[in-house]
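Let us read a protein model together, one feature at a time. Look at the structure first, then follow the dialogue.

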Amino acid sequence: MKKITILFLISFLSLAISAQQINVDPAFWWSGMQEPELQLMVSGKDIASYKAAVSAKDVYLKEAVTLESPNYQILYLDISNAEPGKFEIVFTNGKKKITYNYELKQRDPKRLNIESFNSSDVLYLIMPDRFANGDPSNDQIEMRMPYKVDRNDPNARHGGDLKGISDRLDYLSDLGVTAIWLNPVLENDMEGGSYHGYATTDYYKVDPRFGTNEEYKNLIADAHARNMKVVMDMIFNHCGSDHAWVKDIPSKDWFNNMGEYVQTSHMKEMYFDNYASEYDKSKMVDGWFVPTMPDLNQKNRHVAKYLIQNSIWWIEYSGVDGIRQDTYPYADYDMMIDWVEAVEKEYPKYNIVGEAWLNNPIGTAFWQRDSKLNNRKDTQLKSVMDFRFMGLSHSAFFEETGEWNGGLHGIYDHMTYDYIYPDIYNVLRFLDNHDTDRFLKEYPADLSGWKQGIAFLLTMPGTPQLYYGTELLMHGNKSRSDGYIRLDVPGGWPGDKTDQFSREDRDDIQNEAFDYLSKLLHWRRGNNIIANGKMKHYVLQKGVYVYERYLGDKNVLVFMNGTSNDVEINLDRYAESINGKSGGKDVISGKTISLGNTLKIRPKEVLILE
């Protein structure tokens, strides 16, 4: 009896050891990828003391790396000849054995032909926590870190989720947008809630308060069914301070400045500053964004591979159509080049837009692929963001345009610098986003300035981006906190007194705004002149800005009165754009506008003539 008991205990202990919990990132992969090497980051108690072996005839273990923490082991596999299927990874330590079943899935052939966002699209930026709450049951679920849900607190979580967005896809389709960019949706299990999503605590998991990985994948499929694309927001520069890597640091060089806090200088100009010191360069790139966002060291090859692989995993898994990369210049320069090249190796038509927040377009152009202003290694980054236009727009379309300065003179001047961009069509243009004051600081008495901003955004060269609620005249500034520019959409939550997703609950000026924007969006969709045509503009006359978009023998002519007066202008100076035509049809009103010797334009009027 004693012998049987001992044998039973040995058997039980063996099962317990085999059942030891380990985590493997990524949990699965695909065969047939262009990149032959697969990194697996394995974590579990004392996993570094185990020897790994792979039992598959077409998968080879190239390298097993242990780190300073005993609880991590990184495997590098050669899968260049691997077929779809499952295989075992066996970890042994003396008599102890852990078996992990790994799967290489069959690639979806549609992934090879992803048509990413481009200048024919209009992106609509959504902060998921603030757009709509489609599933209240996931609002207050148990997480590791404490947080609160309180819609009266602009800095707390509010309960918006993926289902809320999915339920409003028809609304967005009716509005006329062709792509939605979601602020980050990955897990932010941070003390306080981290509603904005920029403090990742699990790179392979959608935050359960937003939904599941499968729901995210289904949202993208549902958007595709409506001919809309989806752009994923990613962050390589930092993770959240409650990430497992911070609790148990894999190696001393996994993060930058982990021993003593160093704040980034945010001086992104140092990349092209001839006079920048090495100290300032290091502080900019290796300093932390904020104390709750530890700075990842992308110079560490394991960190770099993890991040690169993670982005490709999400594209392959979900079919997401594009990426917006947060805080682009803050990450390691060479690693970001490697990343772009890795993505494009798998998805040749893919578009990535990098957030390089510089207020001078010369600095912005530095970051775009093939920039003649860049004396370093080419960034390979296809798309950049025009923050200078955003800043100008907040005053230029609302103030009076004088004879020589003010108002639309600033817009004209800004456009003269477009020559510095290697590819103007892959410049993201926007009036506001989740990090800036709203385009409208307060509820407008009239829409004249708002309409001019919208009209110019949707007719200028580049790829336009709108911020959620623009069509509803959402307004605010950051003076108190970022939460005031990220307010809830009324009607997105059960029990809301008004539902502004519905025409009946919007006031007259909101419906006027919605209709104006929607008409322009639908007109722009499929309009090759606006998406890919060239631009010609004219020095302002009597405060009126005139510009042409043209492609082949077709053109669109825009007249914009930046003054609060009736203005009559001579048309002879625009002869090369009018090209003998007697008139044009105004896109908004549908009226035919005569183009004789002169043209009368009402105060702050915009005419978009086909």
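Q: What should I know about the model and its numbering?
A: This is a predicted model: local features need pLDDT of at least 70, side-chain atom pairs count only at pLDDT 80 or more, and totals for chains, interfaces and linings use all residues. Residues are numbered from 1 along each chain as its sequence is written, and side-chain values use heavy atoms, with hydrogens and water left out.

Q: What is the phi of N227?
A: Most residues other than glycine have a negative phi. N227 is not a glycine, yet has a positive phi of about 60°. N227 sits in the loop between α5 (213-225) and β13 (229-234). Such labels number DSSP runs from the N terminus: helices are H or I with at least four residues, strands are E with at least two.

Q: Where does Q380 lie?
A: Q380 is in the loop between α10 (361-366) and β16 (383-385). Q380 is not a glycine either, and its phi is positive, about 70°. With a relative accessible area of 22%, Q380 is partly exposed.

Q: Which residues does a cis peptide bond join?
A: Most peptide bonds are trans. Here a cis bond joins D25 and P26, with omega about -5°. P26 lies in the loop between β1 (23-25) and β2 (29-30).

Q: How many aromatic pairs does the structure hold?
A: A pair of aromatic rings is described by the distance of the centres and the angle of the planes. Rings of Phe, Tyr and Trp (its six-membered ring) pair if their centres lie within 6.5 Å; planes under 30 degrees apart are stacked, over 60 edge-to-face, the rest tilted. The structure holds 48 such pairs. Take F456 and Y545: their ring centres are 6.1 Å apart and their planes at 40°, so the pair is tilted. This pair links distant parts of the chain, 89 residues apart: F456 is in helix α13 (residues 448-459), Y545 in strand β20 (residues 544-551). Both F456 and Y545 are buried.

Q: Which residues do ring pairs link into a cluster?
A: The cluster includes F28, W29, W30, Y203, Y204 and Y216. Also among its members are W245, W254, Y306, W313, W314 and Y317.

How values were computed:
Buried means under 20% relative accessible area, exposed over 50%, partly exposed in between (1.4 Å probe, protein chains only).
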